[in-house]
Amino acid sequence: MKKKINSYIIPFTVLKPGEHSYLFSVEKGLFTDNNYDEIHDCQLKAHVTFNKNSAIITVNFHIYGTINVTCDRCGDDFDMDINLDSKILVKTDSIVHSEEDDMISLGKDEVDFDIAPYIYQYIVLSLPMQRIHPEDKDGVRHCNPEALKKLKNLEVKNSSEEQYRLDTNKLLQHLKEKPLNN
Ligand SMILES: [Zn+2]
């Protein structure tokens, strides 16, 4: 069974025992609504499977597609591949809501289960600290060559300024040791 629904909320209590699959399109609003501005856009699907056999439901997530982020090397935006799997267990016979590690207990008044926070968290936590244009099959990174050239010029300029300062210091030192009028 594969249903396509727009909301991220699953009516848990009406789920019959067995396996239930849902395919979600992840909208960029999931990130902008949380004020997370490092993901500018996304083309993501979340395939979520619920296995209900008892009071514990196993929820498997497979999230795949691309997200648009800024390259830390050249400053251009690029689409980064995302492909991750995760799993949580949801206990439905508790009285009080509680969460620990990958086990969630729903309170007795909770009839729905919102998977949006989990999808959000899995994606954001999967992002590497440094995001750089990936290498293609020939090992070439498609960074913006103009931007890289500008950065390189900036580096050269900085190092020549540095050199100039050093030389000035050397000259001053030299003048102190051997004044010109001597
Ligand atoms: Zn780049």
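Colleague: Is Glu-135 buried, partly exposed or exposed?

Modeller: Glu-135 is partly exposed, with a relative accessible area of 48%. Buried means under 20% relative accessible area, exposed over 50%, and partly exposed in between, for a 1.4 Å probe and protein chains only. This is a predicted model, where local features need pLDDT of at least 70, side-chain atom pairs count only at pLDDT 80 or more, and totals for chains, interfaces and linings use all residues. Residues are numbered from 1 along each chain as its sequence is written, and side-chain values use heavy atoms, with hydrogens and water left out.

Colleague: Which residue forms a salt bridge with Glu-135?

Modeller: Arg-141 does, and the closest N and O atoms are 3.6 Å apart. A salt bridge here is a side-chain nitrogen of Lys or Arg within 4 Å of a carboxyl oxygen of Asp or Glu. Arg-141 is itself partly exposed, at 36% relative accessible area.

Colleague: How many salt bridges are found in the whole structure?

Modeller: The search finds four. One of them joins Lys-149 to Glu-146, with 3.7 Å between the closest N and O atoms. Both residues lie in helix H3, three residues apart, about one turn of the helix. Helices (H or I, at least four residues) and strands (E, at least two) are DSSP runs numbered from the N terminus.

Colleague: Changing topic, which residues coordinate the zinc ion?

Modeller: Cys-71 (SG), Cys-74 (SG), His-133 (ND1) and Cys-143 (SG) coordinate the zinc ion at 2.0 to 2.4 Å. Donors are N, O and S atoms within 2.8 Å of the metal (3.2 Å for Na, K and Ca); water is not among the atoms, so sites may look incomplete.

Colleague: And what spacing do the donors follow along the chain?

Modeller: The spacing is C-x2-C-x58-H-x9-C. Cys-71 sits in the loop between strand E5 (56–70) and strand E6 (77–91), and Cys-143 in the loop between helix H2 (116–126) and helix H3 (145–177), so the pair ties together parts 72 residues apart in sequence.

Colleague: Are those two, Cys-71 and Cys-143, buried or exposed?

Modeller: Cys-71 and Cys-143 are buried.

Colleague: Now the largest nonpolar core: which residues touch the most other members?

Modeller: Phe-31 and Phe-50 do, out of 44 residues. Such a core is a set of buried Ala, Val, Leu, Ile, Met, Phe, Trp, Tyr and Cys residues joined through side-chain atoms within 4.5 Å.

Colleague: Which element gives the most to this core?

Modeller: H2 does, with seven residues.
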